[in-house]
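Thanks for asking me to take a look at this one.

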Amino acid sequence: MPELPMKSTAACDHNSILQLNRTTQDIKSSQNILSLNMGHTAGARKPSREHPPLRPLSGASAEASMPHRQPQPSAAPAMQGFMVPQLFHPLRKGQKVVLDSVGSAGKIRVCLGWNTDHPLCDIDVSAFILGSGNKVLGDDWFVFYGQPDSPDRSIHFSPNGDPDRQYISVDLNALDMRAQKIVFVLTINEAAANNLNFSMVRDAYARILKEDSKEELVSFRMTDYYANVISMMICEIYLHNENWKCTAVGNGVARDLAGLCALYGVALI
């Protein structure tokens with residue numbers, strides 16, 4: 001069961017519960033409070049960081065929600081624009097397409113990018129590797145800035161995705177045979193604390209490339225941005241009838257990364 005590291009370098013133990021995306025709504029008293037402080041990804045790219053080791057602790061879960069209200073205007077300037085690369089094989093929202101058959105799909109790279117209209121709106125990228133029941137294979141079967149590799153090393157997160165913002169590489173041939181789906185998510189860091197939501201995000205896209213040639217297989221540019229959402233499932237790769245397929249999702253939830261972990265069955269400190 002992993003620990004989601006804080007931005008600060010101070011040690012995080014049982015008495016220092018992570019403090020990210022805490023909702024202003026009451027959390028039921030039967031739940032353990034859990035929040036996290038995620039690293040920044042919007043704006044200038046940051047150097048890689050060392051992260052605290054993952055530690056097990058049973059029974060912990062959390063979710064956060066956003067108030068259903070329109071964002072307040074900010075007097076601060078918008079973030080500097082990010083150039084969206086040319087998308088050669090775009091999908092419509094909800095459209096599905098075959099990537100390749102099992103054994104021939106090989107290594108791919110899921111590249112992601114976005115722009116924001118608020119200087120505090122930072123985006124974190126993560127991927128959840130799911131098996132039966134739409135749940136993770138185990139507590140460490142999701143990758144993000146604090147856990148860049150899957151247990152079988154078939155999936156790797158990179159914070160520097162030039163010309164994209166970030167990317168996640170996937171070796172489908174080396175992926176654990178229990179894996180049936182990989183969900184790729186964009187989450188706003190400290191959304192509740194800063195009154196942020198996806199109506200402040202634009203130009204979000206995902207493009208899937210062949211790892212060796214960087215040839216685009218498929219891409220998706222989001223069209224719908226919601227004021228009551230802080231995490232967006234932008235696309236999925238899933239196994240169907242011996243074929244790996246991709247779905248352009250573009251739907252979101254009012255949950256932070258810790259809440260997504262709870263949704264997909266990851267127990268956290």
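The points below go from the aromatic rings to the strands and then to one arginine.

1. Please keep in mind throughout that this is a predicted model. Searching the whole structure for aromatic pairs gives four of them. One is formed by Phe128 and Phe142, which are stacked, with 5.2 Å from centre to centre and 10 degrees between the planes. This pair links distant parts of the chain, since Phe128 belongs to strand β4 (residues 123-130) and Phe142 to strand β5 (residues 142-143), 14 residues apart.

2. For Phe142 the relative accessibility is 0%, so the residue counts as buried.

3. Phe142 also pairs with Phe144: the ring centres are 4.9 Å apart and the planes are at 5 degrees, and because planes under 30 degrees apart count as stacked, this pair is stacked. Phe144 counts as buried too, because its relative accessibility is 0%.

4. Now to the strands. Strand β3 (residues 107-116) is mostly covered, with nine of its ten residues buried. It runs antiparallel to strand β7 (residues 166-171), and six bridges join the two. Within that pairing, Lys107 has Asp171 in β7 as its bridge partner.

5. Which strand is joined to β3 by eight bridges? That is strand β9 (residues 201-210), and β3 and β9 run antiparallel. Here Asn115 is bridged to Arg202 in β9.

6. Arg109 places its charged end over the ring of Tyr167, 3.8 Å from the ring centre.

7. My last point concerns Arg207, which is found in strand β9. Is this arginine buried or exposed? Its relative accessibility is 9%, and because the cut-off for buried is under 20%, Arg207 counts as buried. What does its side chain meet? The side chains of Arg207 and Asp164 are joined by a polar contact of 2.8 Å. With neighbours within four places in sequence left aside, the residues in contact with Arg207 include Arg109, Val110 and Cys111. Also among them are Pro85, Leu87, Pro163, Glu216, Val218 and Ser219.

Note on methods:
Residues are numbered from 1 along each chain as its sequence is written. This is a predicted model: local features need pLDDT of at least 70, side-chain atom pairs count only at pLDDT 80 or more; totals for chains, interfaces and linings use all residues. Side-chain values use heavy atoms; hydrogens and water are left out. Rings of Phe, Tyr and Trp (its six-membered ring) pair if their centres lie within 6.5 Å; planes under 30 degrees apart count as stacked, over 60 as edge-to-face and the rest as tilted. Helices (H or I, at least four residues) and strands (E, at least two) are DSSP runs, numbered from the N terminus. Buried means under 20% relative accessible area, exposed over 50%, partly exposed in between (1.4 Å probe, protein chains only). A charge sits over a ring if NZ of Lys or CZ of Arg is within 6 Å of the ring centre and within 35 degrees of the ring normal. Two strands pair if DSSP finds at least two bridges between them. A polar contact is a pair of N or O atoms within 3.5 Å; within protein, one must be able to donate a hydrogen and the other to accept it, and residues adjacent in sequence count only if both atoms are side-chain atoms. Contact means heavy atoms within 4.5 Å.
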